[in-house]
Number of protein chains: 2
Amino acid sequence: MAVSRKISEFMEQGSWIRKMFEDGIVLKQQFGEENVFDLSLGNPVMEPPQEFFDALSDIAKEPIKGMHRYMPNAGLETTRAAVAQELCSETGLDFDTEDILMTVGAGGALNVIMKTLLDPDDEVVIFSPYFVEYFFYADNHGAKCSVVPCDDRFIPDLKVLASLITPKTRMVLTSSPNNPSGIVYDSQLLSTIGEVIKSKEQEYGSEIFLVSDEPYRKILFDGMEYPHIYRFHPRSIVATSHSKDLALPGERIGFIAVNPNCDDKNELVDGLTFCNRTLGFVNAPALMQHLVARLQSVTIDVSKYQAQRDFLYDALTAIGYNVVKPGGAFYMFPKAPIENDVVFVDELRKHKVLVVPGSGFGMQGYFRVSYCVTDATLAGAIDGFRDAFDTFT
Amino acid sequence: MAVSRKISEFMEQGSWIRKMFEDGIVLKQQFGEENVFDLSLGNPVMEPPQEFFDALSDIAKEPIKGMHRYMPNAGLETTRAAVAQELCSETGLDFDTEDILMTVGAGGALNVIMKTLLDPDDEVVIFSPYFVEYFFYADNHGAKCSVVPCDDRFIPDLKVLASLITPKTRMVLTSSPNNPSGIVYDSQLLSTIGEVIKSKEQEYGSEIFLVSDEPYRKILFDGMEYPHIYRFHPRSIVATSHSKDLALPGERIGFIAVNPNCDDKNELVDGLTFCNRTLGFVNAPALMQHLVARLQSVTIDVSKYQAQRDFLYDALTAIGYNVVKPGGAFYMFPKAPIENDVVFVDELRKHKVLVVPGSGFGMQGYFRVSYCVTDATLAGAIDGFRDAFDTFT
């Protein structure tokens, strides 16, 4: 067998998502790209902001000497300083260059954090609905995930959180704005999560880290302000990227920010730097580090996503779907009109609308719509959403 | 404790290398950058070829629509096709787009390969002297390394190879041109390695992969032709990057090439693609994929490195050092005049010459000189090499 037993099993488990993806390709070939409404991937069609192209053009015209060389594994000093400065102004906390580590996207950041913190058999608590990669990431480092369930507004049940934290729990991993629900956890919720963790740490004499995966943190609607996690737990770490806020998902440029008030933060950052190297990332891509250093205060046009959210929310609720209105990101997570989300997603596909079943995010009976597409694709999907809904109601 | 027990132990083991690196920084601050001759890192001062800058300038002037978006995890079709085409012309084998996977450098490539192939407790055979990261990489995936020793020409003892291959051996990992020795394994040696593997596979009824880590494959001297590994074993896989041949180490752009004649290669590439995603790399950096697609037949000026090799080899042998003349890469691995390489490297440091002890590569009594520096740095180091040598002879 060409692949290990473990990877072979993983691939089999995930194979129906893959099958769907491949079906989508066939569908597009069969009916033409413009007749298939693919809302399955979080891969923005929006281009990066003009400031990005200007920065790229400047650096291409006047390359900086040695700009493609290795730099310290934590990243370029100037880039880390620029990120720290932006975080200072966003949070009011005293971030320093040394609190930042540049990474190969948020996926790279999460793996570096997990590798640094987790011993085999340690536990990671995550919240439903969740990004399915968390399971693979934790498994990469020999750890296990347990899942806090949520109510029908996608708000986690914090009593269950308390019961899921064991002496082996090393990390509690939040994601807000949430993929797939688009829900933004508010200050009160995050504060309670922090308190639960602290009380369990005291009970067990353990050290738990509150880790926030927040690539969508700048994509917020209705003038909402982002509740940064740092003030809710001293051992807090953020994993994020510029995949969404600068529309650079393919470039794999992100960072880790460690709470400036974290004890032992020097040891922690040394560990993160070591793992960034030994996991084979080595450092975040150099040219992108040079570019994003100039773009820390720049964000894509969020009002565009807000308008698309409003359009889709209005259209789906008008059809009769039960939808929680998202506060951020570019996903919506409607309830399917039948319990079996996989069957419903299959029905949508017959109407040439591609979405992802909620089962893939730990929530049967829902489906994820990614609306970071063109207006034409989004509008074109509405008939399919209506017809599929009518089939079952 | 902020980091896991495992990572804490690893960091302690490696801490004297770190100490050296930090001492180097202090030394430069104390005596001035130009008075310290840092030959410790494989971080070329050479800039990428003009063709790279032209390609960057072109794409900055006329950005390709969607060029920063996610693409399939294996990489851009056009880039994979360009790599395959170059490999066809280099090897005469029938490489196809599907045989190539773009990666976050060779370090990313090796981790993706190991994750795909290795179950916990599987074994990887490596050759001395070795790149120390191999141990960390194998450990990332729960596997162990065993080391084939070499003679004083750095040629591995293949009788020991046979004895080190056990029923748990899943991978034999070669690296040529070798880091740290600069030695190029010739066809006969590789052929014998292939035969030993095949005979052991037959003995155990196992499947072993011959993996070649070859980021220096295009940096060859004296008109040597590179002996590609594909013809020596059907289950052969190459991990490489453009870090050295295009002088882009900070950009993390590399690829995996699977032997087109490998059985089950579709399953293998699917596994590699899956692991590229789930290890958190997701895909190789997009912009660099666009650029290197145009640069497959371009290489930095190798004659420059050859001249530096000649200069350094002549200078060191004239002093009295015992040196095996390298056939490629930009490293030299002289014998220290005393047995304790760490003490000798410390003496060199007193003369403001920074190199890495052979112990870091599994060979006590040697040291690695990295000569991908300016001519001035290289020339400036010679007095220190002489004085340190004279201290002990």
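Mentor: We will go from the whole chain down to a single residue. Keep in mind that this is a predicted model.

Trainee: What secondary structure does chain A have?

Mentor: Chain A has 13 helices and twelve strands.

Trainee: What radius of gyration would a compact globule with 393 residues have, and what does chain A have?

Mentor: The rule for a compact globule gives a value near 21 Å for 393 residues. Chain A has 21 Å, so the two agree. For the outline, picture a box of roughly 60 × 60 × 55 Å along the principal axes, filled by the C-alpha atoms of chain A.

Trainee: How much of chain A counts as buried?

Mentor: Of its 393 residues, 53% count as buried. Look at the contacts too. Take those in chain A with a separation of 6 or more: residues 24 or more positions apart account for 74% of them.

Trainee: Next, the domains. Which stretches of chain A belong to which domain?

Mentor: The assignment gives domain 1 as 5-48 + 300-392, and domain 2 as 71-292. Their C-alpha centres lie 27 Å apart. Each domain of chain A puts 27 residues into the contact between them.

Trainee: Which elements does domain 1 of chain A bring to that contact?

Mentor: α11 (302-319) and β9 (331-332) of chain A each supply at least two residues on the domain 1 side. α11(A) gives the most, with four residues. By class, this side has 16 nonpolar, eight polar and three charged residues.

Trainee: β9 is a strand. How do I read a sheet?

Mentor: Start with the pairing. Strands of a sheet pair through backbone hydrogen bonds, either parallel or antiparallel. Here, an open sheet of three strands in chain A runs in the order β9-β12-β11, with antiparallel pairing.

Trainee: Why is one side of β9 and of β11 in chain A left without a neighbour in the sheet?

Mentor: β9 and β11 (356-357) of chain A stand at the edges, each with a single partner strand, so one side of each has no neighbour in the sheet. Now zoom in on one pair. β9(A) and β12 (residues 367-370) of chain A pair over two bridges, in the antiparallel sense. Y331(A) has S370(A), in β12(A), as its bridge partner.

Trainee: And how do I read a helix?

Mentor: An α-helix has 3.6 residues a turn, so residues three or four places apart point the same way. As for burial, 13 of the 13 residues of α5(A) are buried.

Trainee: How many residues of chain B are in contact with chain A?

Mentor: 57 residues of chain B are in contact with 57 residues of chain A. Several helices of chain B each supply at least two residues to its side, among them α1 (5-13), α3 (50-61) and α5 (105-117). The largest share, eight residues, comes from α5(B). The side of chain B that touches chain A divides into 31 nonpolar, 15 polar and eleven charged residues.

Trainee: Let me finish with one residue, R349(B). Where is its place?

Mentor: R349(B) is in helix α12 (residues 341-350) of chain B.

Trainee: Why does R349(B) count as partly exposed?

Mentor: Buried needs 20 or more C-beta neighbours within 10 Å. R349(B) has 19 inside 10 Å, so partly exposed is the class. Not counting residues up to four places away in sequence, R349(B) touches D23(B) and L354(B). The C-alpha atoms of R349(B) and F385(B) are separated by 9.8 Å, with the two residues 36 apart along the chain.

How values were computed. Residues are numbered from 1 along each chain as its sequence is written. Chains are lettered from A and ligands numbered from 1 in the order in which they are written. This is a predicted model: local features need pLDDT of at least 70, side-chain atom pairs count only at pLDDT 80 or more; totals for chains, interfaces and linings use all residues. The radius of gyration is taken over C-alpha atoms; the globule rule is 2.2 Å times the number of residues to the power 0.38. A residue is buried if 20 or more other C-beta atoms lie within 10 Å of its own, exposed if 12 or fewer, and partly exposed in between; C-beta atoms are placed from the backbone. Two residues are in contact if their C-beta atoms, placed from the backbone, lie within 7 Å. Ala, Val, Leu, Ile, Met, Phe, Trp, Tyr, Cys and Pro count as nonpolar, Asp, Glu, Lys and Arg as charged, and the others, Gly among them, as polar. Domain bounds come from an automatic or database domain assignment. Two strands pair if DSSP finds at least two bridges between them.
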